[in-house]
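Hi,

Here is the structure I promised to pass on. Have a look at it first, and then read on for what turned up.

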Amino acid sequence: MSRVEPAEWKLVTDLIEERFGLTFDGVRGEILQARLQPRLRAHRLDSLRSYYHFLRYHPDGEAELAQLGGRLTNNETYFFREPHHFELLTGRLVPERRSELERRPLRILSAGCSSGEEAYSIVISLQNAGFELTGPAWEVDGCDLNPDRIAQAREGLYEGGSLRVCDEDVRRRYFREADGRWRLRDRHRKGTRFFEANLRTPGGTLGWAVYDVIFCRNMLIYFGERAFAGLIELFGRSLRPGGYLLLGHSESLLDRVTEFEPVTAAGGVVYRKRAAA
Amino acid sequence: MAPNGPPTVAQRLAALDALPDDAAREPAILRALEDESPAVRERAIRLAARYVEPGVLGAMVADGADAVRRNAALAALECQGPYALPHLQAMLSLADEDVVMFALQILARIGDPAAASAVLPLIRHPQLNIAQSAIEALGRLRSREAVPELLTLLGGEIWLQLAAIDALGAIGDPVAVGPLIELIPDSIMAEPAVLALQRLADPGSLGPMLARFRLVRERNLQDALLLAIGVVLDLHGDPAPITQAWGEELRLDPAGAVASYLRLVLAAPASGDDLDAEERFRAAAALVACADIAPLVPVLLARLGGPDAPHWAEAVFRPRPETLRVSLDQHLVDADPRVRRGALVALVPEPEDAARLLPLLDDAVVEVRAAACRALALTGSPEASGRLIPLLRTGSPAERAAAVDGLARGPEELLPALAACLAPGTSEDEMIAALGVLGVRAYPPLEERILELATSRSMPLRRAALRAAARVPGSRAEVTLLRALADRNQPVQLEALELLVRRGGERTAVTLMALLGTGDSLRYHVIRALGHLQAADAVGRLHRLYPTSPLHERLEIIEALTRIGGPELPDFLRGRLMEEDVEIRRLAARGLADLADPADVGMFRRLARDPDWGIRNEAARGLAWCGAGDGREALLTLARDVEPVVARTARQSLDQLAGRSEPARQVRRTA
């Protein structure tokens, strides 16, 4: 790729923000550039401006753009990341709604689920807390922009990096080793569903107040202001009154006016959707 | 809106963007400068820069009652750039010392050298904070006229001294080298002085810095000096008399303090936590090579041949190949395979080295064997082909890749042996490897077979053969590439098109123009290819094609015609400015900006008021070529545009008008 002009950089990054809500400031700009370069080479284009024209106006541009979102997102995740959230889920959030959950299943969304590590960690936590025998049924949905990650989540086959905080005992208990990789045991897939979704344009898949808890951790940091605000509104519409939103440790709603109220729990802050007056 | 609450951030941002051009706009912007949301304030700052006069913002800076508002006003003044300059200079003479400090800081950040003369007198200000800010500003403004005054501060008050050292490094006048050296090592100013010397990177500083390097023992100062020495060696090559003489002492005393320090740096593993570690390693490597410090060479080679070898390993000994050569035999049989590999990677091979390299092709370690392949090929020795060709045919993937690389970089005498690798019945992998060499090195005697393989049924083989054919001169190869434009696979078509463009050739443009008549997806690429070929004969065809083409092709046609140039181009582009589609108008404005001259000032002033930022940005580029009159006024407005990209381009154009920078466009086209 030739030297990047600020104007053509803006054309492409504005388009990406408009479509996916993702922003690429500072060092992340270099990451974006590194991820775009192979795409330019693949289409034999020599500038970001040409690539922008391709995305916007070429008959094949829409297909390229749809795949681009998945290529740009950071799929870095692993099992039992920030474990206090799982303890909070089983120790407080589920018991709080116990009477309601006698009549319907517990519904949890893992937003930006990548290859499913978070969703499966939720299932394992619920099983370990004994809910399989005495508690409510559950549905754990995972959605992500990247179809390849969704396919991987459905397959449940992981490299060692996804199990980086799992000791030998945990690995043996929940996984089977297969050619140097780790396959999640079938019983821990119980109640999971994975689907592709662009949270910027979720269509009909989200926005219905069905979820009790939404996990959206370490994803909002990649969103621009407008997309961030839009996403929080979407989560608000997707949660039942009194439902919880769990964000990553570096994400916060504390300086914003939203329909969530902060709740101190498990040594951190989670956000509860206000019940209707 | 949040339920029963105030407007959300998104709504407040939308309201700001929708402000009408009337008397209510300024108060709304000023209110938004105090908004609780950083995102809203950020947007308000851009709008204030564009629509609020510096005097109003300056008054907000002076009113320190609300820190949020004051900081936003400071940021807006900075965004106004050169437009705010006269007002900021006037602020320097106000009695309020805080305001003077703020004005100095903004002037420094704007970076317009025109401000330096107003700032200079303030370095003697009785209020030390103001004097310090003035010194820092002069550094940011790179004001050479300030250097004599700054040098007088080196013996004075400590904070002013530190600021002056930093400013002298930023300004980069070699006059400062001597006074800065004097501050090493017996001064708390030593480390800042070395940092300044590193920024100066003056070749005259190398000798004095090496002399000080021998004396210092404090690790931080050693690190700083090593980095500074490394930068000078990088930028100014091999000042042999200085480093050679300096290295003598280290050769005689390899256990001394300096040698021990360098050994530590060379052996330190790469670390993500210490960002300077790689730079120190590079500096130590350059110093060991230039100063010929033989006892440290094996330590260096172990890093150059190790798993975390730097990409610049091959270049370390280029300035002084004999440093490595004198002990090469010893390194090539070192028990440590990293040293053996490092020696092979860093060697600048000569034909007489071949004999000593051949045994390394049988080394027990594959990485060493691969490095030996490359080194052997680079010797250009006839013995090389006898050993490399078998590796290309039957070696491991690493050896095969090294053999391809080596043969591609070696002398032509090695290439005839490739015929055997292309013979019928040879494996496809072997043929592709051989064609990989011929895709880099032209070798016409194998043309017949290359062209035959370019029609192979295997797509990878066809592509490799086409790349090799593109290197062969003459019309047969050109015809083969042209035929590949009709290949059944589009990746092959596109590869052929790219190779043809790179190769040029008489028939290429004619054939490509014929392909414009087809309506398939290749036409989009053909249009671009004609632009890259600068095919003047295609201009008429492209003009005729334009009205009936879909938008993505029209954009390519405009790009192609702009590349080709020609007398019709300015009128064609002006016509496109009249179209409705914004992308078409942007490209037209872009093409016109490349052709701009003073007669176009009226057009660019109109474009400078366009609602679209992309067109305003092109206007800012074009106005740089329109002279300093009306164009400058329009640029001052654009320099505080709400879109940072436009403001930045306008400032570059203002610098260009003032003769302070190169043109913003790398290639200026002519019609």
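A:N218 is buried in this predicted model, at a relative accessible area of 12%; buried means under 20%, exposed over 50% and partly exposed in between, with a 1.4 Å probe and protein chains only. You'll find A:N218 in the loop between β7 and α10 of chain A. Helices (H or I, at least four residues) and strands (E, at least two) are DSSP runs, numbered from the N terminus. The A:N218 side chain makes a polar contact with that of A:E82, at 3.2 Å. For a polar contact I took a pair of N or O atoms within 3.5 Å; within protein, one must be able to donate a hydrogen and the other to accept it, and residues adjacent in sequence count only if both atoms are side-chain atoms. Leaving out residues up to four places away in sequence, A:N218 touches A:R81, A:E82, A:G248, A:H249, A:S250 and A:E251, where contact means heavy atoms within 4.5 Å.

Some housekeeping: residues are numbered from 1 along each chain as its sequence is written, while chains are lettered from A and ligands numbered from 1 in the order in which they are written. As this is a predicted model, local features need pLDDT of at least 70 and side-chain atom pairs count only at pLDDT 80 or more, whereas totals for chains, interfaces and linings use all residues; side-chain values use heavy atoms, with hydrogens and water left out.

Now the sheet in chain A. Seven strands make up an open, mixed sheet, ordered β6-β2-β1-β7-β8-β10-β9; two strands pair if DSSP finds at least two bridges between them. The edge positions go to β6 (192-196) and β9 (260-265), each with a single partner strand, so one side of each has no neighbour in the sheet. On average, neighbouring strands are turned by 25° against each other, direction ignored. Axes here are lines fitted to C-alpha atoms, for helices over the stretch in contact, and angles run from 0 to 180 degrees between N-to-C directions.

Strand β7(A) is worth a click. Six of its six residues are buried, so β7(A) is largely enclosed by the rest of the structure. On one side β7(A) pairs in the parallel sense with β1(A) over three bridges, with A:I108 opposite A:V213. Strand β7 (residues 211-216) also runs parallel to β8 (residues 239-247), joined by five bridges, and there A:I214 has A:L245 as its bridge partner. Helix α10 (residues 225-238) of chain A packs on the sheet, touching β1 (106-111), β7, β8, β9 and β10 (268-273), and its direction makes about 135° with that of β8(A).

Which residue caps the N-terminal end of helix α8 in chain A? That's A:N146, with a side-chain oxygen 2.9 Å from the backbone nitrogen of A:D148. Just after α8(A), A:G156 takes a positive phi of about 70°.

For chain A overall, the count is ten helices and ten strands. Its radius of gyration is 20 Å, close to the 19 Å that the globule rule gives for 277 residues, so chain A is as compact as a globular protein of that length. The radius is taken over C-alpha atoms, and the rule is 2.2 Å times the number of residues to the power 0.38. Buried residues make up 56% of chain A, and of the contacts with a separation of 6 or more, 74% are between residues 24 or more positions apart.

A few backbone spots to check. A:R44 isn't a glycine, yet has a positive phi of about 55°; A:R44 sits in the loop between α2 (27-42) and α3 (48-57) of chain A and is partly exposed at 22% relative accessible area. Over in chain B, B:D292 also has a positive phi, near 55°. B:D292 lies in the loop between α18 and α19 and counts as buried at 18% relative accessibility. The peptide bond from B:I184 to B:P185 is cis, with omega near -5°, and B:P185 is in the loop between α12 (177-181) and α13 (190-200) of chain B.

Last one: helix α19 (residues 297-304) of chain B is mostly covered, with seven of its eight residues buried. Those buried residues pack against α17 (257-267), α18 (277-291), α20 (321-325), α21 (328-332) and α22 (337-346) of chain B.

Cheers
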